[in-house]
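Trainee: I have the model open and would like to go through it with you. Could we start with the ligand?

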Amino acid sequence: MNTAWNHTSTLASHLINGILAVKPLYNLARHQARQMMIARAEKIGVPWRKQVQALRSHDWESELAKVQNPQLCYPDYYLTSFHAYEKGNLSWDAAFEVEVAAYAVHAGIWPDAGAQGDLKLRQSYHHILKQHVSPPPQDILDLGCSVGMSTFALQQVYPHAQITGADLSPYFLAVASYRSQQHHQNINWLHTAAEATGLPDACFDLVSIFLMCHELPQSATRQIFAEVRRLLRPGGYLGIMDMNPKSEVYKKMPAYVLTLLKSTEPYLDEYFSLDIEQTLKDTGFQIATIACNSPRHRTIVARVSD
Ligand SMILES: C[S@@+](CC[C@H](N)C(=O)[O-])C[C@H]1O[C@@H](n2cnc3c(N)ncnc32)[C@H](O)[C@@H]1O
């Protein structure tokens with residue numbers, strides 16, 4: 001039974017790879033998947049089309065100019081398709097949809113959470129951070145901050161901290177910056193690569209990386225950990241929240257579903273095979289905890305070694 005199922009699943013996986021390799025079929029599959037995602041989101045009360053429409057009607061060129069660093073060179077691995085957006089994270093389409101997409105995707109983490117799944121995921125991470133990060137950090141860096149969801153959430157947990165959000169996508173940062181102006185929040189937005197931020201040594205007590213590592217090749221992850229080590233003060237902390245490769249959810253996932261997932265996440269294999277604990281130790285961190293914070297996510301808190 002198991003062998004038959006594995007065989008069928010592998011065949012389905014080959015079939016999906018074949019379909020995805022043919023551009024018109026790929027585009028059709030992408031369109032269908034998008035429509036299903038939007039319908040599912042709206043069914044649970046996430047106003048996908050309304051929110052995206054409202055964002056589209058704003059004048060974004062001036063927001064972009066406020067945050068964009070025109071001198072920045074993008075690493076090659078970043079200039080690829082992510083999440084079925086052809087231009088990956090470097091597009092307005094992705095920037096306008098990333099928040100509603102997060103609500104839709106995270107709705108499936110816990111059976112009853114619905115649209116509250118995203119909030120619950122962030123709270124579960126913060127719960128672990130607060131247990132291990134002491135004293136409360138004064139200066140925080142949110143690496144891979146995207147449109148600011150993780151940054152605003154950190155600001156709520158640590159209202160007295162000065163927070164910087166850094167990301168490679170100027171489109172995401174433009175939305176983040178616009179949102180912080182709307183809510184009169186004093187956050188520093190930085191258009192930079194996490195592996196070479198250009199920030200001074202030892203200027204943060206906590207660096208947080210929420211759902212970025214699975215989007216990185218292993219070489220980039222290593223460079224980013226070294227950069228974080230440089231940016232942290234003695235005794236400073238690194239918090240990482242991401243997919244848990246050891247979770248039963250991924251172990252039991254049919255091969256063809258994993259194939260579909262990998263078609264939207266180009267570095268997932270590298271992320272799943274990285275020994276993150278050893279990589280952190282090699283970079284000069286000691287592990288404070290590695291804990292499951294959802295059925296398919298894990299939180300790592302690491303501290304600069306003495
Ligand atoms: C899945 S999103 C993270 C979302 C965000 N932290 C949140 O909680 O909603 C990953 C982010 O990492 C950013 N990113 C990927 N590689 C990066 C790098 N090398 N330097 C800076 N940002 C990067 C992407 O642009 C994207 O915004």
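Predicted model: local features only at pLDDT ≥ 70, side-chain atom pairs only at ≥ 80, totals over all residues.

Trainee: Which ligand atom is 2.8 Å from the side chain of Y77?

Mentor: That is a nitrogen atom of the ligand, which lies 2.8 Å from an N or O atom in the Y77 side chain. On the oxygen side, a polar side-chain atom of R122 lies 2.8 Å from an oxygen atom of the ligand, and an N or O atom in the side chain of N89 is 3.5 Å from an oxygen atom of the ligand.

Trainee: How far is N89 from P170, in sequence and in space?

Mentor: The two are 81 residues apart in sequence, while their C-alpha atoms are 9.0 Å apart in space.

Trainee: And P170 itself, is that buried or exposed?

Mentor: P170, which is found in helix α8, counts as buried because its relative accessibility is 1%, and the cut-off for buried is under 20%. Not counting residues up to four places away in sequence, P170 touches L64, V67, Q68, Y74, L90 and H191.

Trainee: Which helix gives the most?

Mentor: That is α6, which gives 7 residues to the lining of the second largest pocket. Sorted by class, the lining has 9 nonpolar, 7 polar and 5 charged residues, and the space in the pocket comes to about 540 Å³.

Trainee: Last topic, S294: where does that sit, and why does it count as buried?

Mentor: S294 lies in strand β6, which covers residues 285-294, and S294 counts as buried because its relative accessibility is 8%, with the cut-off at under 20%.

Trainee: What does its side chain pair with?

Mentor: The side chain of S294 makes a polar contact of 2.7 Å with the side chain of H297, and a polar atom of the S294 side chain also lies 2.9 Å from the backbone nitrogen of R296. Leaving aside neighbours within four places in sequence, S294 is in contact with I109, W110 and L121.

Conventions:
Residues numbered from 1 in each chain as written. Heavy atoms only, no water. Helix = DSSP H or I, 4+ residues; strand = E, 2+ residues; numbered from the N terminus. Buried < 20%, exposed > 50% of the residue type's maximum accessible area, 1.4 Å probe, protein only. Polar contact = N/O pair within 3.5 Å; in protein donor to acceptor, adjacent residues only side chain to side chain. Contact = heavy atoms within 4.5 Å. 1 Å grid on protein atoms, 1.4 Å probe; cavity = no way out; pocket = protein on both sides within 12 Å on 5 of 7 lines; lining within 4 Å. Points joined across faces, edges and corners; volume = space filled by probe spheres on them. Nonpolar A, V, L, I, M, F, W, Y, C, P; charged D, E, K, R; others polar.
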